[in-house]
Amino acid sequence: MPVVTPAVLTALMTGYRREFQAAYDAAHEDSFYRAVASVVPSATKSNTYGWLKDFPSLREWIGARVVKDMAAGSYVIENKDWESTVGIKRTDIEDDNLGLYGPMIGFMGDAAARKPDELIAALMAAGESTLCFDGQNFFDTDHPVAPNEDGTGTAVSVSNYDSGGGSPGDAWYLLDCSKPLKPFIYQNRKAPEFVAKTDPRTSDNVFTNNTFEMGVDMRSNVGFGFWQMAYKSKSPLNKANYEAARAALRGFTADGGRPLGIKPTHLVVPGTLEAAAKDVIKRMLIGGGDTNPNYDDVEVVVTSWLG
């Protein structure tokens with residue numbers, strides 16, 4: 001029966017820390033959020049994003065510079081706290097009954113690494129009912145685009161959302177992730193940190209419940225970038241609907257009609273649409289042997305968090 005000494009506890013926590021980190025690294029390598037979201041560091045309770053509604057194109061420099069007033073919107077992302085904690089009975093350490101705790105710590109590391117995926121996927125799923133910087137839902141049928149470059153004039157409505165009509169199916173997303181700012185934002189205030197409270201002399205929980213505690217905590221949140229870089233559809237994922245979404249994305253303009261140069265790069269789908277996505281994007285030949293014009297057109301990202 002091991003005596004629960006500081007040396008025993010230190011060795012035990014060192015091993016658990018390794019298990020946590022190994023599981024975290026493996027899951028983080030497989031995460032999808034970095035493909036579709038810009039990771040923005042945060043040093044305060046919240047970040048305020050003053051989105052420039054439009055950025056002027058370059059003009060020939062003749063005479064003095066022409067300074068244009070650019071409309072800006074405010075968008076605030078407030079960080080949230082996340083945690084997971086497990087307790088190890090002192091008697092389990094004394095009785096050398098620790099076999100289940102290693103996998104528990106590993107799952108904790110896995111969960112910490114996948115939390116950004118979970119948050120981004122939830123944001124995407126709620127995009128047709130969550131406001132973005134222009135005051136409309138991020139995925140909407142009536143984003144306002146003004147006829148004049150300065151934002152004046154009667155705006156026309158532009159859609160980046162297909163509701164699927166009367167029989168919507170599972171949603172899929174076509175994104176342009178090639179720009180300096182991706183369609184979504186993962187705001188990182190504090191990376192996951194593995195901590196342990198194990199000193200029996202100072203831990204109230206050890207004194208009261210005979211349990212040593214350890215866990216992980218992190219601070220972060222998610223938000224939207226530019227709606228013009230994303231299209232959501234609940235219509236069937238097939239060649240015609242994919243090409244319609246692609247054409248819509250490529251046709252988005254700034255105020256005044258200037259093209260934004262949007263080029264779809266990623267097709268994000270739940271597991272239920274993996275086969276359909278491969279049919280549209282990964283099949284080289286279609287029909288009776290015709291070349292597929294959409295072959296390898298974008299990267300297909302499959303995530304269970306959208307399922």
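**Helix packing, sheet order and nonpolar cores**

In helix α7 (residues 274-281) of this predicted model, the buried positions include A277, V280 and I281. These residues cover an arc of only 80° around the axis, and therefore lie on the same side of α7. The packing partners of the buried α7 residues are α6 (239-251), β12 (266-269) and β15 (299-302).

An open sheet is formed by 4 strands in the order β1-β9-β10-β4, and its pairing is mixed. The edge positions are held by β1 (37-41) and β4 (80-89); each has a single partner strand, so one side of each lacks a neighbour in the sheet. On average, neighbouring strands of this sheet are turned by 30° against each other, direction ignored. Strand β4 runs antiparallel to β10 (residues 211-224), to which 10 bridges join it. Within this pairing, I88 has F212 of β10 as its bridge partner. Helix α4 (residues 101-125) lies across β1, β4, β9 (184-197) and β10, and runs at about 15° to β10.

The largest nonpolar core comprises 53 residues. The residues with the most contacts inside this core are V36, I120, F184, L237, L267 and V268. Helix α4 gives the most to the core, contributing 5 residues. When residues up to four places away in sequence are not counted, V36 touches I120, L175, C177, K182, P183, F184 and V268. Another core, of 19 residues, lies apart from the largest one and has Y16, F20, A113 and V216 among its members.

Conventions: Residues numbered from 1 in each chain as written. Predicted model: local features only at pLDDT ≥ 70, side-chain atom pairs only at ≥ 80, totals over all residues. Heavy atoms only, no water. Pairing = 2+ DSSP bridges. Helix = DSSP H or I, 4+ residues; strand = E, 2+ residues; numbered from the N terminus. Axes fitted to C-alpha atoms, helices over the stretch in contact; angles between N-to-C directions. Contact = heavy atoms within 4.5 Å. Buried < 20%, exposed > 50% of the residue type's maximum accessible area, 1.4 Å probe, protein only. Arc of directions from axis to C-beta. Core = buried A, V, L, I, M, F, W, Y, C linked by side-chain atoms within 4.5 Å.
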